[in-house]
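I opened the model today to look up its strands and helices. My notes follow, in the sequence I made them.

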Amino acid sequence: MKTTASEHDRVEGTMSPSTAETSSAKQPKPTKSELSTFETLKARIRHHYELASEYYYSLWGEHIHHGYFLQPNDTKEVAQTQLIELLLQRSNLAKGSTILDVGCGIGGTSRYLASKHDCRVTGITISGKQVEMATKLTKDASSQNEVAVGEPITLGNGSVRFLELDAETMGEHFAGQSFDCVWISEAMSHLPDKELFFRYAFELLKQGGKLVVADWFKAEDLTEKQVEDDIKPIEDGMLLPPLCTQTQYVDSAKEAGFGVFSDLFDISQQVSKTW
């Protein structure tokens, strides 16, 4: 990955509902042809994680996301939990919050938020294999062994459950429910329709609720050559629709009704050791 063309793993910051603001830099809506392509891409993403999640677990451990390295002797596991703690610190998320963890992988972050922060977490992923793995790992960490898939499992003073669900249908699935926080770490870049996600996140949050985001971004004002040479290979290799800039995320969030709670910031240097 060439960081001159792709500033990755920036933390978008956390956002809380406010009056919607009009944006002049909205992402264009996908065409019918693009939507068909995106559905194919989602099927590829699902298939990829069905096949590769066991391998990722052996390689990354229970947290399939970057580590935030602060000290030279930080282990991968310590760094990964430090990224979670960083997001908690920047969002000022209250203990005992209800959280929708979107793109939860095999549930590492969901379990951490439940066991260490007393949260009641619902983790969703497009992969049935990941739900199976997440549920087993959570049962192993809990005293509850006889729990059906999709039912809450108690961890400490919190709880967690996992559902197989496409994030672009979460608005309909959770209609009538609300959360204190929608949490999405290094998963939104997989979603073709970012504006739809921001709208659903806003609808599902309680008044004063927060959206917590960490993701990959491309730099602003790249040349066509930089995009072709550096961004396209990342998109193809990571099964991503076109990468966005930070500004595009903020504009889409504001259009959905969010206000910025914590300023966006770049942690590319601190996570680079992950690779």
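This is a predicted model: local features need pLDDT of at least 70, side-chain atom pairs count only at pLDDT 80 or more; totals for chains, interfaces and linings use all residues.

**Entry 1: strand E3 and its partners**

I began with strand E3 and strand E5 (residues 158-164), which pair in the parallel sense over 6 bridges. Strands here are DSSP runs of at least two residues, helices are H or I runs of at least four, and both are numbered from the N terminus. Two strands pair if DSSP finds at least two bridges between them.

Residues are numbered from 1 along each chain as its sequence is written, and side-chain values use heavy atoms, with hydrogens and water left out.

Next I checked burial. Buried means under 20% relative accessible area, exposed over 50%, and partly exposed in between, with a 1.4 Å probe and protein chains only. Strand E3 (residues 120-125) has 5 of its 6 residues buried, so the rest of the structure largely encloses it.

**Entry 2: strand E2**

I moved to strand E2 (residues 98-102), which runs parallel to E3 and is joined to it by 5 bridges. Ile-99 is bridged to Val-121 in E3. Val-102 stands opposite Ile-124. From E2 the chain crosses through H3 to E3, a right-handed β-α-β crossover. Right-handed means that, with the strands pointing away from the viewer, the path from the first strand over the helix to the second runs clockwise.

E2 also runs parallel to strand E6 (residues 179-185), with 3 bridges between them. There I found Asp-101 opposite Trp-183.

How many residues of E2 are buried? I found 5 of 5. Thr-98, Leu-100 and Val-102 point one way, Ile-99 and Asp-101 the other.

**Entry 3: helices H2 and H3**

Last, I looked at how helix H2 (residues 76-91) packs on helix H3 (residues 108-117): the angle is about 65° and the axes are 11 Å apart. The axes are lines fitted to C-alpha atoms over the stretch in contact, and angles run from 0 to 180 degrees between N-to-C directions. I listed the contact residues, with contact meaning heavy atoms within 4.5 Å. H2 gives Thr-81, Ile-84, Glu-85 and Leu-88, while H3 gives Thr-109, Tyr-112, Leu-113 and His-117.
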